[in-house]
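Colleague: May I put some questions to you about this model?
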Amino acid sequence: MNFSIFPSTIFATACGGLFLTCSAAISFSFSITLADRALLTSAHDVSEGGLAVALAECTFGQSTERPIGATIDASALGLPQARLDLTLFAEQQGTVILSAPEANVSEIRSLAEAAGCTLTAIGTVGTDRLSIGALLNEPVSSLYAAYSRALPEIMEQSEAAAAA
């Protein structure tokens, strides 16, 4: 199991970011421990659409009236240049993106180490754009517009095709 943590600016903190990797056996209890100790701001799985879609969905939050973007260091993710599509869009059961205030990162690192997990910085939260290195740099509002109209457009096309 992999976890990604990028501390958020929701609490007006200066932020760094982390990428956490643990075994599947440890991940479930570890994420519950973090939640029980109120160390997290949010959590999102990567099982539908892969890492890029999950990161985009994280930026949408409850609405796009106050978008919270993220700047992700693609090199920190270890993206293989030959198959960026696989890394960004592969659906991974058990991979979770977590956000936490900077003040909690030290405790999360200690708990991760005790659980046998490793951490690597990946980025920050706090703009109105989602940026993944040089691969993506789009306003959250544009991403949300494309995301929210995709299924209705597919349904309309299917209905039109069925009627023809």
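This is a predicted model: local features need pLDDT of at least 70, side-chain atom pairs count only at pLDDT 80 or more; totals for chains, interfaces and linings use all residues.

Colleague: At what angle do H2 and H5 pack?

Modeller: Helix H2 (residues 50-60) and helix H5 (residues 140-163) pack at about 110 degrees, and their axes are 10 Å apart. Helices here are DSSP runs of H or I with at least four residues, numbered from the N terminus. The axes are lines fitted to C-alpha atoms over the stretch in contact, and angles run from 0 to 180 degrees between N-to-C directions. H2 and H5 are therefore roughly perpendicular, a term for angles of 65 to 115 degrees.

Colleague: Which residues make that contact?

Modeller: Glu57, Thr59 and Phe60 of H2 meet Val140, Leu143, Tyr144 and Tyr147 of H5, where contact means heavy atoms within 4.5 Å.

Colleague: Is Thr59 buried or exposed?

Modeller: Thr59 counts as buried, because its relative accessibility is 3%; buried means under 20% relative accessible area with a 1.4 Å probe, protein chains only.

Colleague: Which residues does Thr59 touch?

Modeller: Leaving out residues up to four places away in sequence, Thr59 touches Pro67, Ile68, Gly69, Ala70, Leu130 and Val140. A polar atom of the Thr59 side chain also lies 2.6 Å from the backbone oxygen of Ala56.

Colleague: Turning to H4, which of its residues are buried?

Modeller: They are Asn104, Val105, Ile108, Leu111 and Ala112.

How values were computed: Residues are numbered from 1 along each chain as its sequence is written. Side-chain values use heavy atoms; hydrogens and water are left out. Buried means under 20% relative accessible area, exposed over 50%, partly exposed in between (1.4 Å probe, protein chains only). Helices (H or I, at least four residues) and strands (E, at least two) are DSSP runs, numbered from the N terminus. Angles under 35 degrees count as roughly parallel, over 145 as roughly antiparallel, 65 to 115 as roughly perpendicular and the rest as oblique. A polar contact is a pair of N or O atoms within 3.5 Å; within protein, one must be able to donate a hydrogen and the other to accept it, and residues adjacent in sequence count only if both atoms are side-chain atoms.
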